[in-house]
Amino acid sequence: MKDRIDIWTDGACSGNPGPGGWGAVLVWRGQEKEISGGEAQTTNNRMELMAAIAALEALQRPTQVKLHTDSQYVMKGLTQWIHGWKRNGWMTKSGSEVKNTDLWKRLDALCATYPVEWQWVKGHAGDPMNERADELARSGIPGR
């Protein structure tokens with residue numbers, strides 16, 4: 001698979017918890033697709049996860065993915081923490097249930113389908129595609 005799609009994702013919440021939105025920009029062979037959505041009552045972390053999930057669910061065929069996120073929570077969750085969570089029956093080291101397990105499981109399954117290279121980008125630091133994903137996330141907040 002030589003083909004690769006670049007994806008930038010972001011989540012936003014007005015209050016935490018509160019109304020939230022997610023956004024993603026998908027770029028493939030110079031073509032861009034923007035997607036966004038939201039929920040009336042959610043958290044910022046759930047919206048960060050939903051941005052990545054929705055972007056991967058939007059893919060229509062197997063391809064390599066480079067996913068750019070400003071969320072350490074999402075990136076470290078999928079590249080580091082998830083292995084221990086799965087081994088421990090979705091419990092943290094301290095013995096409490098992992099938050100957002102439903103979304104982690106969805107994202108994990110998608111990452112098994114699409115090879116994802118994770119790229120952390122500093123949020124609100126001038127990366128044009130990250131800024132666009134942020135705009136989409138904010139526009140997805142219900143009532144805005």
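Where is the place of H124? H124 sits in the loop between strand 5 (116-120) and helix 4 (128-139), helices (H or I, at least four residues) and strands (E, at least two) being DSSP runs numbered from the N terminus. The model is a predicted one, with pLDDT of at least 70 needed for local features and 80 or more for side-chain atom pairs, while totals for chains, interfaces and linings use all residues. Residues are numbered from 1 along each chain as its sequence is written, and side-chain values use heavy atoms, with hydrogens and water left out.

H124 is not a glycine, yet it has a positive phi of about 55°. H124 is also exposed, at 59% relative accessible area (buried is under 20%, exposed over 50%, partly exposed in between, with a 1.4 Å probe and protein chains only). W90, again not a glycine, has a positive phi of about 65° and belongs to the loop between helix 2 (72-87) and helix 3 (101-113). W90 counts as buried, at 14% relative accessibility. Then there is the cis peptide bond between N16 and P17, with omega about 15°; P17 is in the loop between strand 1 (4-13) and strand 2.

Strand 1 also holds T9, which is buried at 1% relative accessible area. Leaving aside residues up to four places away in sequence, T9 touches G23, A24, A51, A52, A55, L67, H68, T69, D70, N130 and A133 (contact means heavy atoms within 4.5 Å).

E48, in helix 1 (residues 44-57), is a buried residue with no salt bridge, and the nearest side chain of opposite charge, R138, is 11 Å away. Here a salt bridge is a side-chain nitrogen of Lys or Arg within 4 Å of a carboxyl oxygen of Asp or Glu; Lys and Arg count as positive, Asp and Glu as negative, and His and the chain ends are not counted. Contacts of E48, not counting residues up to four places away in sequence, are D10, G11, T69, D70, S71 and V74.

As for open space, the largest pocket holds about 310 Å³. Its lining has 13 residues, and I5, W28, A58, L59 and Q60 are the closest to its centre. Strand 2 (18-28) and strand 3 (31-42) are the elements that give two or more residues to this lining. A pocket is an open set of points on a 1 Å grid over the protein atoms alone, where a 1.4 Å probe fits, with protein on both sides within 12 Å along at least five of seven lines; lining residues have an atom within 4 Å of a point. Grid points are joined across faces, edges and corners, and the volume is the space filled by probe spheres set on them.
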